Amino acid sequence: MGKTLRRLVPIGAAMVAVNAIVPAAFADEGGSSGWEQTFTPPFHLAAGESCAFELQADVLYDHEITRVVETFPDGSPRVIDTQGSLGFRFTNVDSGESIRRDTSGTLRATIGEDGGIDFRFQGNGLAVIRVPNALTAPGVYVVSGNVDYLRHADGQREFAEVDGTLENVCQTLD
């Protein structure tokens with residue numbers, strides 16, 4: 001199962017990063033809880049990819065754990081939970097202006113048979129929407145509250161339900 005989780009980390013981290021503070025007892029890697037430590041890497045987006053400018057996202061703190069809750073009959077993950085604390089510094093590379101944001105919360109990712117993914121945030125989180133996307137404006141969104149974010153099988157992304165706030169970091173730093 002460890003290999004499966006490591007394979008999923010780049011998918012989730014590139015798309016969405018989120019987590020909540022969890023007692024260390026839940027994070028017993030290899031223990032009966034099924035939680036494994038994972039890390040979200042920093043990322044860089046070229047101008048025009050999500051923002052009008054070049055964006056650098058550096059990880060300030062990262063204490064994340066992930067577990068597979070349910071699998072498809074072939075053993076591949078169907079439902080994945082992620083939680084822990086995660087913070088970023090976002091920098092507009094062109095202007096040098098930066099902001100810090102806490103993206104700690106919980107995330108449940110449910111993968112459909114067609115390859116679409118339903119991400120359900122509680123607390124804070126991060127969603128990156130790249131060009132082209134017809135359903136929601138491209139951007140780097142820090143979410144807060146209860147948010148349902150969909151990545152459809154065709155790659156289009158949208159916020160299906162928002163009971164909270166969305167901050168587009170691209171607009172904040174423009």
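The report below covers the layout, the nonpolar cores and the ring pairs.

This is a predicted model, in which local features need pLDDT of at least 70, side-chain atom pairs count only at pLDDT 80 or more, and totals for chains, interfaces and linings use all residues. Residues are numbered from 1 along each chain as its sequence is written, and side-chain values use heavy atoms, with hydrogens and water left out.

**Layout.** The protein chain holds 2 helices and 10 strands, which are DSSP runs numbered from the N terminus (helices H or I, at least four residues; strands E, at least two). Read from the N terminus, the order is α-β-β-β-β-β-β-β-β-β-β-α. Of the 174 residues, 46% are buried, meaning under 20% relative accessible area with a 1.4 Å probe, protein chains only. Taking contacts (heavy atoms within 4.5 Å) with a separation of 6 or more, 57% join residues 24 or more positions apart.

**Cores.** In soluble globular proteins, nonpolar side chains tend to be buried together. A nonpolar core here is a set of buried Ala, Val, Leu, Ile, Met, Phe, Trp, Tyr and Cys residues joined through side-chain atoms within 4.5 Å. The largest one has 17 residues, and Phe 43, Leu 55, Phe 90, Val 140 and Val 169 touch the most other members. At least two residues of this core come from each of strands E3 (43-45), E4 (55-71), E5 (77-92), E8 (117-129) and E9 (139-151) and helix H2 (169-173). Leaving aside neighbours within four places in sequence, Leu 55 has contacts that include Phe 43, Phe 90, Val 140, Val 169 and Leu 173. There is also a second, separate core of 15 residues, with Ile 111, Ala 127, Val 143 and Val 147 among them.

**Rings.** The whole structure contains 5 aromatic pairs. Rings of Phe, Tyr and Trp (its six-membered ring) pair if their centres lie within 6.5 Å; planes under 30 degrees apart count as stacked, over 60 as edge-to-face and the rest as tilted. Two of the pairs are set out here.

| Pair | Centre to centre | Angle between planes | Class |
|---|---|---|---|
| Phe 88 and Phe 90 | 5.5 Å | 25° | stacked |
| Phe 119 and Tyr 149 | 5.8 Å | 40° | tilted |

Phe 119 sits in strand E8 and Tyr 149 in strand E9, so their pair ties together parts that are 30 residues apart in sequence. Phe 119 is buried at 3% relative accessible area, and Tyr 149 is buried at 0%. Ring pairs also link Phe 119, Tyr 141, Tyr 149 and Phe 159 into a cluster. Phe 88 is buried with a relative accessible area of 0%, and Phe 90 is buried with a value of 0%.

Note on methods. Buried means under 20% relative accessible area, exposed over 50%, partly exposed in between (1.4 Å probe, protein chains only).
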